[in-house]
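Open the model in your viewer and keep the selection panel at hand. Each stop below says what to select and what is there.

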Amino acid sequence: MVIGERKPFEEIVKMLNGHKKILVLGCGGCVTVCLTGGDDAVKVLSSQLRMSREKDNDPLEITEKTIERQCDPEYVEQISDIVGQIDGVLSLACGVGVQYVAERYPTMPVYPALNTTFVGGSKKEGYYVERCQTCGDCKLYYTAGICPVARCSKSLLNGPCGGSTNGKCEIDPQVDCAWQLIIDRLKSLNLMDRYEQIIEANDWRSSRDGGPRTMIREDFQR
Amino acid sequence: MADFEPIIVAFCCHYCAYGAADLAGSMRLEYPPNIRIIRLPCTGKVTPILLLRAFEKGADGVYVAGCLEGDCHFIHGNLVAKPRVNYTKKLIQEVGLEPERLEMFNMSAAMGPRFAEVAREFTERIKALGPSPLRKTQSAATKEAA
């Protein structure tokens, strides 16, 4: 899932300066799962904003709503009735959602309440870790399902560097050396021959080269 | 400020603090009338939204009273509540309220005197802090909190 972290409260307050009636819009997708952008987060942030503005004698009227996903036009459409009655949208979605809302409602200021941080998963409730860097060229076949691009601090593709000590990375003793994990797993799966296959330099053209990427399913095109 | 009577909302677990409040009453113990008790099935029910709403509606102080650690009727509800209360302290601090306006206490149903003591101490604490900046007029806040 896409992980988002809430921006500092002061930054959000500053963005909303001058606004009187806003929509605080949650997203029912990834950010609900990582507890930062769902319905609960909408209620908490709205309550904080109301109190903060009330305290300064500058009340803020807030409409609270959470839609299924903000990265799909059909769901973003669902707020069209509300948009006419407000002067700004504070989106608790990832950067994609914020942009979709902005694109659909060109005259409406849309602000991000989250910093979109990484693509990851849950280690336990409320604890999320990065697992993918969306480089666009998966090497997981060679590396026993552990990504060296996202999890090795240097994104090395052919084994560990000299900074690997007792299975930990030199950048932080809390960080596992991805290559230690890969080799341990390849050994346990009896697949060490894959380690001996040299992975060529990564083709970063599939990553961010050439501007924003697209993925098109031909059979869905009309 | 001498005549300031704070509004304090106490979220009390049915299996401990609520029983302790009952016992305090049976024992004829006096404690300040500023406390508004809201009974919960367990403090594990407490969420930041619930606590924020109490402040938003004009409470000057809020506390959560759950079972002694290790004694939760639902095994670990009070241990769920504890970090939530601490997290909510940060949330109210961001808004500009003192984090001391929110607290969590632990007690058993047999601790009637402790319930009265907590009520007295917390009321004194809130009186020292003064009214919440979100409280417009005392009567309006009382009405809304009720």
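Select helix α3 (residues 39-55) of chain A and helix α3 (residues 77-95) of chain B. They pack at an angle of about 35°, with axes 8 Å apart. Axes here are lines fitted to C-alpha atoms, for helices over the stretch in contact, and angles run from 0 to 180 degrees between N-to-C directions. Helices (H or I, at least four residues) and strands (E, at least two) are DSSP runs, numbered from the N terminus.

This is a predicted model: local features need pLDDT of at least 70, side-chain atom pairs count only at pLDDT 80 or more, and totals for chains, interfaces and linings use all residues. Residues are numbered from 1 along each chain as its sequence is written, while chains are lettered from A and ligands numbered from 1 in the order in which they are written.

Stay on the helix pair. The crossing of α3(A) and α3(B) is right-handed, that is, the near helix is turned clockwise from the far one by less than a right angle. Which residues of α3(A) meet α3(B)? Pick A:V44, A:Q48, A:M51, A:S52 and A:K55. Across from them, pick B:L91, B:E94 and B:V95. Contact means C-beta atoms, placed from the backbone, within 7 Å. Ala, Val, Leu, Ile, Met, Phe, Trp, Tyr, Cys and Pro count as nonpolar; Asp, Glu, Lys and Arg as charged; the others, Gly among them, as polar.

Now widen the view to both chains. The contact takes eleven residues from chain A and twelve from chain B. On the chain B side, α2 (48-56) and α3 each supply at least two residues. The largest share, six residues, comes from α2(B). That side of chain B has eight nonpolar, one polar and three charged residues.

Next, the sheet in chain A. Three strands form an open antiparallel sheet in the order β1-β6-β7. Strands pair if DSSP finds at least two bridges between them. β1 (2-6) and β7 (127-132) of chain A each have a single partner strand, so one side of each has no neighbour in the sheet. Select β6 (residues 114-124) of chain A: this strand pairs with β7(A) over five bridges. There, A:S122 stands opposite A:Y128.

Last, check confidence. Chain B has a mean pLDDT (the predictor's confidence in each residue, from 0 to 100) of 93. For the complex, the predictor gives an ipTM of 0.90 and a pTM of 0.91.

Technical notes: Contact = placed C-beta atoms within 7 Å.
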